[in-house]
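Please keep the sequence and the model open while reading.

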Amino acid sequence: MPAGPRATAESLPITDVELDDEFWSPRVETNRDVTVAHQYDQLETNGCLENFRRVADGETGGFEGPMFIDSDAYKWLEAASYVLANHDDADLRERVDEVIELVADAQQADGYLDTYFQLVEPDQKWTNLSVMHELYCAGHLVEAAVAHYRATGEESLLDVATAFADRIDQQFGPDGQTGVPGHEEIELALVKLYRVTDEERYLDLARYFVDARGQRPSPLADELANIDDIAGANFVHHGHTAAEGARNHFLRDGEYDGSYAQDHQPIRDQETVEGHAVRAMYCYTGVTSLLQEIEDDELWAAMRRLWTNMTTKRMYVTGGIGSEHEHEGFTEDYDLPNDTAYAETCAAIGSIFWNQRLFELTAETAYADLIERTLYNGFLAGVSAGGDRFFYVNPLETDGDHHRKEWFYVACCPPNAARLLASLERYVYGRGTDGDALYVTQFVGSSVETELGDETVSFTQSTEYPWDGETTIEFTHDEPVDFDLRIRVPDWASDVALSVNGASVSASTADGYVSVEQAWNPGDEVTLSFSLPVDALTADPRTRADAGRVALRRGPLVYCIEDADQSVPVESLTVSDGADSFEPDHDPDLLGGVTTLRGSGTAIDLDGWEESLYRPAESVDREDVDVVAVPYYAWDNREDGSMTTWLPKS
């Protein structure tokens, strides 16, 4: 993916990378062969595509689904386009073309496109930006169009998206309506559209939406004052009208509070991550995309502050974010309950989007480290092994009643997961924007042919990550090419060793990379190895939900324990403080092949508790038991049972 002129690195195009990885390739193939087809069927079953047909046929009424259901089709088109970038699938291409034609037929002559408003409230467009998601849907249309254009070179969907973007620019441009999207998304999409079209007005519009957020008086507050007379007043969503939903989210003690949509302060002044977690991540992704194009020290300082607050005070050990169910978002520092964790899959995906933009802007490894943590844990848990069941909510502890579902009324997470997996290639490598560096940021087996400056570079990466901490880069291009090879060393790694063509090389890891700059010849090999220790993590003592508990981690993977692997109930188990009682054991037949952690703990004897809820501590009997932990991403793929990530200490 191209980055802006102020970026330090840019992600390699999907078409430059071919995955061949024991861990990720089966998941990407399942996404391609199962998930994308399953989700198309759901678009038909749940009325999403029928809404477009009704609009195209000139009908009114009969709208199905939530008001933002159009975005499900757009995210599906984006995921399918990424698949087509590297795989010539005639049936999928035909289906994509059919959906694009349907979308185009539904578009109004003036460029407007939103099936809810076209079918239900045609005279109320642009009146309720706080909750009706017009600009959100438009943003996903633009993202799909850019993905389709880059994958196929065809402009059919891009023409639809640019026409709608032009209509939005007319509505909100310099002399237009003052407005702020209640759900961010249009900002990051407009930057993508600018990079494809070179039309400055799209970049200016993105900047307008960023700058308008948090100003006083807030356009969203004005909408709230008239909420019963504008769009959605009588539309029932999740058991209440859109008007009621707006009051629930934007009023506190009877006064307007825009923190739910990051509208409580100008972004430049914000100190803590607030509100709906997905909105926040899309907002910051848009801002950081903008910062790759323009210089704005205040915005950049805000992104640094907000990232630090999120990662040091408001993020789960899995990389999941957003602890509260009611607002699907952030609460306060260290409020990270495990059994009631929300940790929406879409929020994890949004975090990956934001951190990828931050990496491109700075080339700093901290952002790639967080992508890794979130990718292998908070995100991956959201998709079943079979590719046709999904978590919306990702708790870190459950008594066995939380399971993945094949779809949701609000179905943002499944197609979001599909588009991330379908574009995994672009998160593995980067190249310096000045053409003198190649970055290996994730350890995923693959072959690459790309341009670095004026030269063609090709290589393979071979690895058994995340089960083994060794990766080898072998160059396969025809002529020597001189550049700096920079391989990320994970922040948790130890015993790091580097060799070039079999000879040990001393390399500094001060900035998070091992770096070797030389002329790279065909056949040259670089091997980076590091140990994958089992760590017993403790939380900041102010995180009360984790007091007296440890979480097990090996390499990038956070582990959990499920009833399925224990001889006693999970609730009765305790473990020692240290990780030295746990040893890795790879089981190729378990859960598609995983390295488990096998160790020892103790269990409370449950006999006799039926007669008393409480006992003196000295009267409680304990026995030594074996404990088996599995990667958190793999839980709930077997029989029902309790699960916990944070284990009580003996």
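## Salt bridges

The structure holds 38 salt bridges, a salt bridge being a side-chain nitrogen of Lys or Arg within 4 Å of a carboxyl oxygen of Asp or Glu. This is a predicted model, in which local features need pLDDT of at least 70 and side-chain atom pairs count only at pLDDT 80 or more, while totals for chains, interfaces and linings use all residues. Residues are numbered from 1 along each chain as its sequence is written, and side-chain values use heavy atoms, with hydrogens and water left out.

One of the salt bridges joins Glu-44 to Arg-53, with 2.7 Å between the closest N and O atoms. Glu-44 is partly exposed at a relative accessible area of 31%, and Arg-53 is partly exposed at 27%. Here buried means under 20% relative accessible area, exposed means over 50%, and partly exposed lies in between (1.4 Å probe, protein chains only).

## Salt bridges between separate parts

Arg-167 and Asp-110 form a salt bridge, 3.5 Å from N to O. Arg-167 belongs to helix H7 and Asp-110 to the loop between H4 and H5, so this pair ties together parts that are 57 residues apart in sequence. Helices (H or I, at least four residues) and strands (E, at least two) are DSSP runs, numbered from the N terminus. Arg-167 counts as buried at 16% relative accessibility, whereas Asp-110 is partly exposed at 40%.

Arg-389 and Glu-406 also form a salt bridge, their closest N and O atoms being 3.7 Å apart. Arg-389 lies in the loop between helix H15 (365-379) and strand S7 (397-398), and Glu-406 in the loop between S7 and helix H16 (413-422), so the pair ties together parts that are 17 residues apart in sequence. A network of salt bridges links Glu-78, Glu-143, Lys-192 and Arg-419.

## Helix H4

Helix H4 has 17 residues (90-106), which at 1.5 Å a residue should span 24 Å; the end C-alpha atoms are 25 Å apart, which agrees. The expected span is 1.5 Å times one less than the number of residues. Buried in H4 are Leu-92, Val-96, Val-99, Ile-100, Leu-102, Val-103 and Ala-106. They cover an arc of only 160° around the axis, which puts them on the same side of H4; the arc is that of the directions from the helix axis to the C-beta atoms.

The face of H4 turned away from the buried side carries exposed Ala-90, Asp-91 and Glu-101. Among the elements covering the buried residues of H4 are helix H1 (24-45), helix H3 (70-86) and helix H6 (134-152). At the N-terminal end, Asp-89 caps H4, with a side-chain oxygen 3.2 Å from the backbone nitrogen of Asp-91.

## Nonpolar core

Which residues touch the most other members of the largest nonpolar core? They are Trp-76, Ile-168 and Phe-379, in a core of 219 residues. H6 gives the most to this core, with 11 residues. A nonpolar core is a set of buried Ala, Val, Leu, Ile, Met, Phe, Trp, Tyr and Cys residues joined through side-chain atoms within 4.5 Å.

Beyond its neighbours within four places in sequence, Trp-76 is in contact with residues including Leu-92, Val-96, Val-99 and Pro-415. Contact means heavy atoms within 4.5 Å.

## Gln-566

Gln-566 sits in the loop between strand S20 (557-562) and strand S21 (573-575) and is buried, with a relative accessible area of 11%. The C-alpha atoms of Gln-566 and Val-627 are separated by 6.3 Å, although the two are 61 residues apart along the chain. The side chain of Gln-566 reaches the backbone oxygen of Glu-562 at 3.2 Å.

Notes
Polar contact = N/O pair within 3.5 Å; in protein donor to acceptor, adjacent residues only side chain to side chain.
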